[in-house]
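Hello,

Here is the structure we talked about handing over. My notes on it come after the coordinates.

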Amino acid sequence: MTDKLIIFDTTLRDGEQSPGASMTKDEKLRIARQLERLRVDVIEAGFAASSNGDFEAVQAIANAIKDSTICSLSRANDRDISRAAEALHGANSSRIHTFIATSPLHMEKKLRMTPEQVLEQAKLAVRFARNKVADVEFSPEDGYRSEIDFLCRVLEAVIKEGATTLNIPDTVGYAVPELYGNFIKTLREKIPNSDKAIWSVHCHNDLGMAVANSLAGVKIGGARQVECTINGLGERAGNCSLEEIVMAVKTRRDYFGLEVGIDTSQIVPASRMVSQTTGFVVQPNKAVVGANAFAHASGIHQDGVLKARDTYEIMRAEDVGWSANKIVLGKLSGRNAFKQRLQDLGVVLDSETEINAAFTRFKELADRKSEIFDEDILALVSDESVTSEKEKYGFVSLSQHSETGERPHASIVFTVDGNEVHGEADGNGPVDASLKAIETHAKSGAEMVLYSVNAISGSTESQGEVTVRLQNSGRVVNGVGADPDIVVASAKAYLSALNKLHSKADRVAAQG
Ligand code: KIV
Ligand code: ZN
């Protein structure tokens with residue numbers, strides 16, 4: 001048994017399944033580059049057969065990332081597996097992850113298949129995938145709620161067909177640590193060829209135990225791969241959080257006795273990038289990456305930390321990348337410094353024209369804001385309302401008037417398919433008026449299900465980052481906009497969400 005714990009990141013697949021967290025190809029590529037810098041062992045880049053957009057994203061990541069294994073999810077059928085193999089063609093190291101449900105409930109009600117049919121399909125799928133790539137992972141979906149004897153038959157059979165990793169999902173987050181750990185242990189003990197594959201854990205967080213369950217799967221069950229996401233992003237209550245797993249195993253090496261290959265100094269930058277890209281704000285008291293994770297408010301604690309840091313700190317903030325929060329550029333910084341910083345942050349802009357446009361926006365921002373942080377730069381380039389000429393809507397300018405006792409009024413200029421239009425409206429507040437002014441032309445019919453404002457670097461001087469979540473005809477999208485003026489940031493976020501609603505990408509949802 002190896003003493004290395006493989007970190008399998010599924011932010012771009014299971015994380016992205018979170019309603020409103022869907023990302024564009026460029027956003028996925030940017031996050032994949034950060035995951036590579038983090039030295040994640042396996043990046044699950046998407047579900048290639050689910051949509052053309054996802055196929056292209058997996059393909060782009062497979063072509064660009066060289067140091068991590070790139071994986072695509074696929075259902076247990078030939079078409080999905082062929083699509084995954086095709087998308088992964090350019091990868092240095094590729095993996096196909098195929099799955100089929102094995103719990104009585106899922107087989108009977110969802111798949112309408114008998115256990116024997118499921119067993120047969122699992123075998124065929126793994127055999128087919130092994131003909132395409134050498135590295136094949138198999139997941140029995142809803143594995144934790146499956147009958148153990150049937151699960152043993154399926155897993156033994158797929159190992160014989162060449163599965164190299166066996167992943168046991170707690171798809172609905174029902175497990176508790178001791179039981180989940182023992183479940184994996186029992187499977188490994190009962191299956192005669194279990195030592196021929198690496199065992200993996202995949203836990204959802206519905207009862208808040210995804211990290212604890214995964215750690216039990218490792219410690220009690222002997223699993224050597226953990227599937228996780230940055231910030232615990234994922235459907236419903238999310239997935240097991242990468243930063244917590246990694247820091248638990250590192251900090252308590254005395255207990256787990258395992259190595260992880262992660263460059264922990266990249267954790268906070270990765271967390272910020274995922275949060276800014278998806279608009280899913282990290283709660284301040286979130287372990288490791290929350291804004292308060294290393295803040296000491298009580299006098300006794302502050303005194304203790306000043307005398308000896310380890311009185312109240314079990315990890316060093318800089319070891320997980322908190323020191324990255326420094327002023328990086330300012331008004332006098334030149335284009336080369338800006339370009340270099342983009343590169344350091346893993347942002348790849350397609351052309352010199354895009355770099356020039358981003359640099360112009362940087363200069364405009366630097367005129368209004370003396371200190372430019374990494375977060376500002378990331379916000380600047382992820383602000384789709386201004387970055388892409390290909391988008392339907394683009395922000396141009398906004399003016400609004402509000403005075404105590406008067407109904408606020410907004411007047412906005414924005415582009416629709418490259419043509420400038422002008423809208424005006426009153427509203428309950430300046431933000432409401434501005435968004436209503438956009439709707440005088442957009443007429444989207446979308447319902448707003450979330451609106452949030454966050455100060456990017458913590459002070460009133462900082463840029464406001466606004467997230468808008470819109471819902472229309474069953475689709476949920478997030479738009480993010482940033483600007484020192486939060487009314488402008490709101491308009492940008494709204495336009496960005498409208499763009500996402502407009503670029504309909506039909507997706508076949510993966511399970512859990
Ligand atoms: O939770 C789950 O069962 C999954 C599988 C597709 C691996 O995400
Ligand atoms: Zn899952």
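This is a predicted model: local features need pLDDT of at least 70, side-chain atom pairs count only at pLDDT 80 or more; totals for chains, interfaces and linings use all residues.

Residues are numbered from 1 along each chain as its sequence is written, chains are lettered from A and ligands numbered from 1 in the order written, and side-chain values use heavy atoms, without hydrogens or water.

The protein has 18 helices and 16 strands (DSSP runs numbered from the N terminus: helices H or I with at least four residues, strands E with at least two). A compact globule of 512 residues would have a radius of gyration near 24 Å, and the 24 Å of the protein therefore agrees (taken over C-alpha atoms; the rule is 2.2 Å times the number of residues to the power 0.38). The C-alpha trace spans about 75 × 60 × 45 Å along its principal axes.

Of the 512 residues, 56% are buried, meaning under 20% relative accessible area with a 1.4 Å probe, protein chains only. Contacts (heavy atoms within 4.5 Å) between residues at least 6 apart in sequence join residues at least 24 apart in 66% of cases.

The helix pair is α2 (residues 52–64) and α3 (residues 78–87), whose axes come within 8 Å and cross at roughly 40° (lines fitted to C-alpha atoms over the stretch in contact, with angles from 0 to 180 degrees between N-to-C directions). Asn52, Phe55, Val58, Gln59 and Ala62 of α2 make the contact with Arg83, Glu86 and Ala87 of α3.

Regards

Conventions: Buried means under 20% relative accessible area, exposed over 50%, partly exposed in between (1.4 Å probe, protein chains only).
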